[in-house]
Amino acid sequence: MEFIPPFCPNSQCERHEKPEAGFFVRHGFYEAACRPAPIPRFRCRACRRTFSTQTFRQDYRDQRPDLNEPLYRSLVSSTGYRQFARITKLGVGATQRKARKLARHAGFLHENLSRHLPVGRTFVLDEEETYEQASIRPLTMPLVVEREHWFIVATAVGPIRRLAPAGTKRRQWQIRDEGKHGKRPDTSAQCVEAVLRALDSKLGGDRLVLRSDLKASYVTIAQAVFGDRVTHERTSSREPRTTYNPLFVVNTTIAMTRDNCGRLRRKSWLVTKKREFLQLHMHQFVVYRNYIRKRFNKDKEDKSPAVHLQLIPRSLTIGEAVRWRQDWGQGSIHPLSGNGSRRIRDGVAGVA
Ligand SMILES: [Zn+2]
């Protein structure tokens, strides 16, 4: 399918926001070592700048675009950077940079595809705990998940402070650590508020049912974010964790993150060095879980949670999720668009 540039990629150009038919002229081809076919170039009639098909692709400027899909697959299959680097002979640093670029785009993709959630839904909130560098530097990672289709709406990552009982070795270690680095901040409330605000921004003022455990701060934060639009159902986290537990959806999603993301595994050598990188990794997991992976193993049809919520007409492949750049918001090319002509804001009725 022949590529048609949907707009001028120069953000200063009038044809960036308002492209017109024929805003570009064809401008030859160039050969890229990593691509089998010559890449078509174009020139914008308005700003005279040149660009190519590659300018619109997620892998623009990549030295090894062929490794993007395998890396994505590895990072949602609990493989570490080092192991990926070993088996592909790519450097560890290059692997990390590639992973972070892919993850940033995954974050944009999720934002772009989930701007408006369908009305009348129930959402489940809980916090997952992990750590950065050493187990005495704990992190919280709240998640909000849609109850029926298990769509992950938002995640956030931040430091928390959990002191061990006084007099223990662990407590002494914590005291030494805080002596060196300062008192560890506790941002649990801010992180929970951040995910609830992210959820609110997708609801368009709609009412919602929110489920959580009995943590008192959740009531205050939910009230502050949603006011009287929220029906807050609370369950003790001591209830048996069966499929009947109202928090089952979020508990199982947390278990999936631990299974799929190596750094969240218990008793693993893989450790989050910095919390920002955990957040990036979560963007990748979220796209995998919401748009690529089948909702439940028992489902007959291969439909991801986002298909069930009618955000996309069919599940994405990993290749589609990493195909087009997503840093242009709603103007980005839709991941299901084969020739670049459909943008996220146009939606995709069938499969383009
Ligand atoms: Zn232009």
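This is a predicted model: local features need pLDDT of at least 70, side-chain atom pairs count only at pLDDT 80 or more; totals for chains, interfaces and linings use all residues.
1. The zinc ion is held by four protein donors, namely the SG atoms of Cys8, Cys13, Cys44 and Cys47, which lie 2.3 Å from the metal. The angles among these four donor atoms run from 106 to 115°, and the site is tetrahedral. Along the chain, the donors follow the spacing C-x4-C-x30-C-x2-C.

2. Cys8 belongs to the segment before α1 (14-17), whereas Cys47 belongs to the loop between β2 (39-44) and β3 (50-52), so the pair ties together parts that are 39 residues apart in sequence. Cys47, with a relative accessibility of 23%, counts as partly exposed.

3. The strands β1, β2 and β3 form an open sheet in that order, with antiparallel pairing. At its edges stand β1 (24-30) and β3, each of which pairs on one side only. From one strand to the next the twist averages 35°.

4. Between β1 and β2, which run antiparallel, there are five bridges.

5. Helix α6 covers residues 188-201, 14 residues in total, and reaches 20 Å from its first C-alpha to its last, which is close to the 20 Å expected at 1.5 Å a residue. Its buried residues are Ser188, Cys191, Val192, Val195, Leu196, Leu199 and Asp200. These buried residues pack against the strands β4 (122-131), β5 (138-146), β6 (152-155), β7 (158-159) and β8 (208-212), and also against helix α7 (216-226).

6. Pro335 is found in the segment after α11 (318-321), and at 1% relative accessibility this proline counts as buried. When residues up to four places away in sequence are not counted, Pro335 touches Leu109, Leu113, Leu316, Glu320, Arg323, Trp324, Gln326 and Ile344. Ser268, by contrast, is 67 residues from Pro335 in sequence and 34 Å from Pro335 in space, taken from C-alpha to C-alpha.

Conventions
Residues are numbered from 1 along each chain as its sequence is written. Side-chain values use heavy atoms; hydrogens and water are left out. Donors are N, O and S atoms within 2.8 Å of the metal (3.2 Å for Na, K and Ca); water is not among the atoms, so sites may look incomplete. Four donors count as tetrahedral if all angles lie between 85 and 135 degrees; four count as square planar and six as octahedral if opposite donors are over 155 degrees apart and all others between 65 and 115; anything else is irregular. Helices (H or I, at least four residues) and strands (E, at least two) are DSSP runs, numbered from the N terminus. Buried means under 20% relative accessible area, exposed over 50%, partly exposed in between (1.4 Å probe, protein chains only). Contact means heavy atoms within 4.5 Å. Two strands pair if DSSP finds at least two bridges between them. Axes are lines fitted to C-alpha atoms, for helices over the stretch in contact, and angles run from 0 to 180 degrees between N-to-C directions. The expected span of a helix is 1.5 Å times one less than its number of residues.
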